[in-house]
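Me: I would like to go through this structure slowly, asking at each step what a given word rests on. Please set each value against its cut-off before you conclude.

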Amino acid sequence: MQKEDTSIPPEKKKWKIVYPLYINSKRTLANGRRIPKGKCVDNPRAQDVYAACQLLGYECVLEQKSHPQEWGVEPGRVRVHFKQDGKILGSQPDVKNSRQLYIKIAETVPKVQKGNPNQGKSTPTSTSTSSPSSTNSKSSGGGGGRNRRGKNK
């Protein structure tokens with residue numbers, strides 16, 4: 001049984017959720033990107049998406065939740081008040097569906113990032129190095145165990 005999230009008011013639960021990976025040019029369509037690569041942005045952050053939605057005139061909320069395909073990455077998603085009772089909201093008359101919303105946000109994110117040069121640049125929190133012995137190790141093949149073909153010697 002799933003626990004009900006009480007931190008979000010019920011009226012905001014129906015708002016459109018936008019994860020940064022939807023407009024990330026580094027992702028493939030199979031890995032979550034939702035718009036053509038040529039219209040995407042390199043590694044957008046949730047704060048950039050949030051600022052772009054505000055700049056476009058949408059009511060939005062920034063949440064610290066991760067997409068299931070982005071564990072270990074800086075969390076964040078944006079809830080956008082895009083439709084209410086089937087009517088499109090916001091100050092963008094040319095945006096009529098979710099895909100057009102993602103494209104409009106992707107067009108606006110670079111403008112937001114120019115306003116704050118530190119946004120969009122993520123600093124690595126940890127670097128992983130592997131030891132040479134673990135990458136070049138060969139299996140000796142004499143690990144015992146039973147013969148899988150049914151011919152025990």
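Me: Why is Asn24 called buried?
Reply: The model is a predicted one, and in it Asn24 has a relative accessible area of 7%. Buried means under 20%, so at 7% Asn24 is called buried.

Me: Where does Asn24 lie, and what does its side chain reach?
Reply: Asn24 lies in the loop between β1 (16-18) and α1 (46-55), and its side chain reaches the backbone nitrogen of Asn43 at 3.1 Å. Because a polar contact requires N or O atoms within 3.5 Å, the distance of 3.1 Å meets that cut-off. Leaving aside neighbours within four places in sequence, Asn24 is in contact with Arg33, Cys40, Val41, Asp42, Asn43 and Pro44.

Me: What makes the link between Ser25 and Asp42 a polar contact?
Reply: The side chains of Ser25 and Asp42 are joined at 2.3 Å, and the cut-off is 3.5 Å, so the pair falls within the limit for a polar contact. Ser25 is found in the loop between β1 and α1, and at 9% relative accessibility Ser25 counts as buried. Apart from neighbours within four places in sequence, the contacts of Ser25 are with Arg33, Lys37, Cys40, Val41 and Asp42.

Me: How do you know that Cys53 is in no disulfide?
Reply: The nearest cysteine sulfur to that of Cys53 belongs to Cys60 and is 5.0 Å away, whereas a disulfide needs two cysteine sulfur atoms within 2.5 Å, so Cys53 is in no disulfide. A search of the whole structure finds zero disulfides.

Me: Are Cys53 and Cys60 buried or exposed?
Reply: Cys53 has a relative accessible area of 0% and Cys60 has 11%; since buried means under 20%, Cys53 is buried and Cys60 counts as buried too.

Me: Why is the aromatic pair of Tyr19 and Tyr22 called edge-to-face?
Reply: The ring centres of Tyr19 and Tyr22 are 5.7 Å apart, with 75 degrees between the planes.

Me: What makes you say that the charged end of Arg34 sits over the ring of Tyr22?
Reply: The charged end of Arg34 is 4.0 Å from the centre of the Tyr22 ring, and the distance limit is 6 Å; the angle must also be within 35 degrees of the ring normal, and the charge is listed as sitting over the ring.

Me: Why does Ala106 count as buried, and which residues is Ala106 in contact with?
Reply: Ala106 has 3% relative accessibility, and the limit is under 20%, so Ala106 counts as buried. The place of Ala106 is in helix α2 (residues 98-115), and beyond neighbours within four places in sequence, Ala106 is in contact with Ile23, Ile35, Lys39, Cys40 and Val41. Ala106 and Tyr22 are 84 residues apart in sequence, yet 9.2 Å apart from C-alpha to C-alpha.

Technical notes
Residues numbered from 1 in each chain as written. Predicted model: local features only at pLDDT ≥ 70, side-chain atom pairs only at ≥ 80, totals over all residues. Heavy atoms only, no water. Buried < 20%, exposed > 50% of the residue type's maximum accessible area, 1.4 Å probe, protein only. Helix = DSSP H or I, 4+ residues; strand = E, 2+ residues; numbered from the N terminus. Contact = heavy atoms within 4.5 Å. Phe/Tyr/Trp six-rings, centres within 6.5 Å; stacked < 30°, edge-to-face > 60°. Polar contact = N/O pair within 3.5 Å; in protein donor to acceptor, adjacent residues only side chain to side chain.
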